[in-house]
Amino acid sequence: MGNNGPAEDVEEKEHFQRIVNAFRYYRSFSLQRLATSDAYVSSLPSHHQQLLTSYRSHLEDVRTCVEHNYEIIKLITADVATLFENVKHDAGQVKSKVHPTMSDMEKVQSTLKQIVRDWSKDGEEERAACYNPIIEEIEFNFPPAQKPLEQVQILVPGAGLGRLAFEIAKRGYSCQGNEFSLFMLFASNFVLNKCQGVETFRVYPWTQQFVNTLSAADVTRGSSFPDLDPSSLPRHAQFSMAAGDFLEVYTEANTWDCIATCFFIDCANNIVSFIETIYKILKNGGVWINLGPLLYHYSDIPGENSIEPTYEMVREIVQGLGFVIEKERTGLKTTYSQNVRSMLKYEYESVFFVCRKP
């Protein structure tokens, strides 16, 4: 994470502390929500309370799941103070002036779901839909006969918990994941560097889903992780994760053979700057593979600027910057951290394309 002076340094430290606090606040935040429900039941007429006996015991079970999740969260935040080699942070006691926001708390929840998406058997189907087309395209464009795989430099911006980048490195390519979110960086550090063995931990990602549930068991079901041993990469595998803002970290032209983006390009205030940077840092003849929707993360955030071009316009930008589109598919059915047992499901019809820098 770069910094340009004392003021930015303070801001960065406060941001860091706020994220640590959000993780640490998870337990109180979640238990408070359950206590509120319980208190409401207690205020109801006694014959209503009798009919809600199983609901009450369900709240108890959810509470147990929250406690289990908190044990995982404590492991995730255990040594984050030394996470970045160039910066030391004080991850000490919760500082009153950096309170987590509601949005921060939602991000803690989604981090737990992300663990399931990227590192559990339960996420297998979702990963297959999102990652396999990208991996197949990499293997097609960079066969071992062409040049040694470890000489093929691949970048995965918005790498999240690192599974896609890990899978690419596992196949022998030299791969770097890049991630900006501290929520993701803390969790990926834990999974990639601290988890040994298979299914050694368990997380309960659906405990905050109070609506659209068929059975109590659907809410309290857990997922074991990791589904494979993250330390099982071949000894010579070239795999790394870089922290920081994609636009700030990657400024060197003609560096990468391939850039693989999955659910990433819509994370920009200005999507043009992302595409322009991808073009610049690719080598001549390099390939950009993209899969995902256009959710435009900043679209509805108060005080944030955002542009939201349609996919047709995005195509114009891609070609206008000099890319040649070689393959393109629309309507790819994909999900993101989907609760397969919910009564309500979201499905994206994602776009998938492969472009080459001439």
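Contact, in what follows, means heavy atoms within 4.5 Å. With that in hand, hi everyone, let's start at Phe201. Leaving aside neighbours within four places in sequence, Phe201 is in contact with Ile72, Leu75, Phe190, Cys195, Ser223, Ser224 and Phe225.

Some housekeeping before I go on. This is a predicted model, where local features need pLDDT of at least 70 and side-chain atom pairs count only at pLDDT 80 or more, while totals for chains, interfaces and linings use all residues. Residues are numbered from 1 along each chain as its sequence is written, and side-chain values use heavy atoms, with hydrogens and water left out.

Back to Phe201, which lies in strand 3. When I say helix or strand, I mean a DSSP run, numbered from the N terminus: H or I with at least four residues for helices, E with at least two for strands. Phe201 is partly exposed, with a relative accessible area of 22%. On that scale, buried means under 20% relative accessible area, exposed means over 50%, and partly exposed is in between, using a 1.4 Å probe and protein chains only. His68 is 133 residues from Phe201 in sequence, yet the two C-alpha atoms are 9.9 Å apart in space.

One of the Phe201 contacts, Phe190, takes us to helix 7, where Phe190 is among the buried residues. How many of the 13 residues of helix 7 are buried? Eleven, so helix 7 is mostly covered. Besides Phe190, the buried set includes Leu182, Phe183, Met184 and Leu185. Helix 7 covers residues 182-194, and its end C-alpha atoms are 17 Å apart, which agrees with the 18 Å its 13 residues should span at 1.5 Å a residue. The expected span here is 1.5 Å times one less than the number of residues.

Now for helix 1, residues 6-43. Helix 1 has 38 residues and reaches 52 Å from first C-alpha to last, close to the expected 56 Å. Where is the kink in helix 1 centred? On Tyr25, and the kink is about 45°. The bend at a residue is the angle between axes fitted to the seven residues ending there and the seven starting there.

Tyr25 also turns up in the contact between helix 1 and helix 4. Two packed helices are described by the angle between their axes and the distance between the axes. For helix 1 and helix 4 (residues 102-119), the axes come within 9 Å and cross at roughly 80°. That makes helix 1 roughly perpendicular to helix 4. Axes are lines fitted to C-alpha atoms, for helices over the stretch in contact, and angles run from 0 to 180 degrees between N-to-C directions. Under 35 degrees counts as roughly parallel, over 145 as roughly antiparallel, 65 to 115 as roughly perpendicular, and the rest as oblique.

Who makes that contact? Helix 1 brings residues including Arg18, Ile19, Phe23, Tyr25 and Phe29, and helix 4 brings residues including Met102, Asp104, Met105 and Leu112. The residues of this contact divide into ten nonpolar, three polar and two charged. Met102 lies in helix 4 and counts as exposed, at 52% relative accessibility.

On to the loops. A cis peptide bond joins Phe225 and Pro226, with omega about -10°. Phe225 is one of the Phe201 contacts, while Pro226 lies in the loop between strand 4 (223-225) and strand 5 (238-243).

Next, positive phi. Asn212 has a phi of about 55° although it is not a glycine, and Asn212 sits in the loop between strand 3 (201-203) and helix 8 (216-219). Phe263 also has a positive phi of about 55° and is not a glycine; its place is the loop between strand 6 and helix 10. Is Phe263 buried or exposed? Phe263 counts as buried, at 12% relative accessibility, whereas Asn212 is partly exposed at 34%.

Last stop: Thr251, in the loop between helix 9 (246-249) and strand 6. Thr251 counts as partly exposed at 46% relative accessibility. Not counting residues up to four places away in sequence, Thr251 touches Lys280 and Ile281.

Note on methods:
Nonpolar A, V, L, I, M, F, W, Y, C, P; charged D, E, K, R; others polar.
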